[in-house]
Amino acid sequence: MESPPNSSPFPSSILKKVRLSPFLLILLPFIVLVIILYREEFTSSIFVQLDFRVSSQQHNSTSRIKKSKEKLPFAIGETQEGCDIFSGKWVWDEKKPLYEESECPYITPQLTCQANGRPDKDYQHWRWQPHGCSLPSFNATLLLETLRGKRMLFVGDSLNRGQHHSLICLVNGLIPENAKSMETVGNFDVFTFKNYNATIEFYWAPFLLESNADDAVKHRIYKRVVRNGSIDVHGKYWKGADIIVFNTYLWWRSGYHFNISKGSFDDVKNIVEVSTEDVYRMTMKSMLRWIKENMDLKKTRVFFTSMSPSHEKSTEWGGEANKNCFNETKMIDDPNYWGSDSRKSIMQVIGEEFGKSKVPISFLNITQLSSYRRDAHTSIYKKQWNPLTPEQLANPFSYADCFHWCLPGLPDTWNELLFAKLFYP
């Protein structure tokens with residue numbers, strides 16, 4: 001129960017002690033005045049300590065940048081004051097998509113839903129509209145000119161590869177056929193546009209650290225293991241990039257415990273099991289340390305994309321048991337929807353480590369806005385890795401891919417958000 005308006009803000013036991021000390025009696029009015037004057041700042045401080053939220057950490061980081069009046073590399077403006085571009089709603093837009101699937105030969109066949117028989121296109125026509133402001137229009141010419149003589153790199157898992165392919169498709173139409181190429185070498189997919197002397201690259205590293213799933217093709221491993229302190233195994237290939245976009249989450253979804261190795265991946269004596277959150281925290285610390293030691297942050301930019309949600313349990317949005325994203329053509333309209341697959345404990349780890357770090361990394365918080373899009377997954381409309389069995393063909397829910405996204409589609413919006421944060425932070 002709250003105290004009556006005229007009651008003292010101090011317990012009676014404290015007041016009794018105060019009466020015994022003339023010095024404290026004189027000091028008391030000053031203390032009360034300070035609390036009144038600075039109550040808001042005091043409350044804000046307590047909130048940050050006790051009620052952590054990723055968006056709060058990101059807002060604080062942005063505020064620090066603005067106070068220092070340091071212009072971030074590549075920035076040409078600022079997002080409207082108080083605008084959170086990741087908080088908003090989906091609106092129908094006939095101008096979407098910004099390219100056609102058939103016009104972009106660089107999309108992996110695992111994401112070409114129309115070519116693989118998807119009968120509808122509604123999922124392509126949605127635009128993300130932030131509350132109280134608008135995203136800047138994606139300007140492919142501006143991006144290409146900015147990348148002239150530079151190297152842009154996506155690092156992470158297949159969802160980051162999808163975003164990489166999306167960005168290529170968004171600029172592809174402005175580049176002459178004889179001035180562009182895509183090449184796959186080892187863990188790299190490298191798109192080169194020769195007339196700009198530039199590349200947009202993807203590097204396969206699903207855990208960022210060295211792991212037993214690092215083969216870019218043969219990586220279907222049941223017992224996943226990462227090696228502690230091993231980020232330089234991959235990081236040596238990232239050096240020299242002007243813009244890096246990191247992600248890592250999908251491959252961490254193997255349970256609440258994870259395996260770390262201090263030696264060979266094949267020697268069980270070297271492998272210990274710890275909580276997934278602890279290993280993920282170790283990875284975030286390693287990534288931030290690598291950025292600090294290897295990136296000239298006065299000339300380069302670094303982004304980290306939050307977890308991409310899946311839609312494997314239709315009961316979570318009011319559907320039937322044993323069903324998933326298959327045959328879903330409408331998005332989820334509950335603004336508070338958050339699927340169990342997107343672990344908030346992982347989001348908390350990200351926010352805590354980014355909040356403590358002085359590294360100016362830009363956080364692309366795509367999780368909530370993507371959570372509504374049960375309609376946009378590849379589902380059964382993709383090239384299958386293996387021939388389907390008669391049992392699978394009889395039950396499409398059993399093989400629907402509710403992790404990855406069709407192109408054109410949702411990853412194009414992720415790149416519109418990336419564009420906004422790159423040029424208008």
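The model is predicted, so local features are reported only at pLDDT of at least 70 and side-chain atom pairs only at pLDDT 80 or more, whereas totals for chains, interfaces and linings use all residues. Residues are numbered from 1 along each chain as its sequence is written, and side-chain values use heavy atoms, with hydrogens and water left out.

The protein chain contains twelve helices and 14 strands; helices (H or I, at least four residues) and strands (E, at least two) are DSSP runs, numbered from the N terminus. Of the 425 residues, 52% are buried, where buried means under 20% relative accessible area with a 1.4 Å probe, counting protein chains only. Among contacts (heavy atoms within 4.5 Å) with a separation of 6 or more, 75% involve residues 24 or more positions apart.

An open sheet of seven strands has the order β4-β5-β6-β3-β8-β11-β12 and mixed pairing; two strands pair if DSSP finds at least two bridges between them. Its edge strands, β4 (180-185) and β12 (362-364), each pair on one side only. On average, neighbouring strands are turned by 15° against each other, direction ignored. Axes are lines fitted to C-alpha atoms, for helices over the stretch in contact, and angles run from 0 to 180 degrees between N-to-C directions. Helix α6 packs on this sheet, touching β3, β4, β5, β6, β8 and β11, and its direction makes about 165° with that of β6. Strand β11 (residues 301-305) runs parallel to β12, to which three bridges join it; S362 in β12 is the bridge partner of F303.

Within this sheet, β6 is largely enclosed by the rest of the structure, because seven of its seven residues are buried. In a regular strand, side chains alternate between the two faces of the sheet. Both faces of β6 are covered, with A198, I200, F202 and W204 buried on one side and T199, E201 and Y203 buried on the other. Six bridges join β6 to β3 in the parallel sense, with F154 opposite F202. Six bridges also link β6 to β5, here antiparallel, and F193 stands opposite A198. The hairpin of β5 and β6 has four residues between the strands, and N197 takes a positive phi near 50°.

Helix α6 (residues 158-172) also packs with helix α12 (residues 410-423), at an angle of about 75° and with the axes 8 Å apart. The two helices are therefore roughly perpendicular, a term applied to angles of 65 to 115 degrees. In α6, L159, G162, Q163, S166, L167 and L170 meet P411, D412, W414, N415 and L418 of α12.

An open sheet of three strands has the order β7-β9-β10, also with mixed pairing. Strands β7 (225-227) and β10 (271-275) stand at the edges with a single partner strand each, so one side of each lacks a neighbour in the sheet. Neighbouring strands here are turned by 40° on average, direction ignored. Strand β9 (residues 257-261) runs antiparallel to β10, and five bridges join them; N259 stands opposite E273 in β10. Helix α8 (residues 276-294) packs on the sheet, touching β7, β9 and β10, and its direction makes about 100° with that of β10.

Methods. Angles under 35 degrees count as roughly parallel, over 145 as roughly antiparallel, 65 to 115 as roughly perpendicular and the rest as oblique. Buried means under 20% relative accessible area, exposed over 50%, partly exposed in between (1.4 Å probe, protein chains only).
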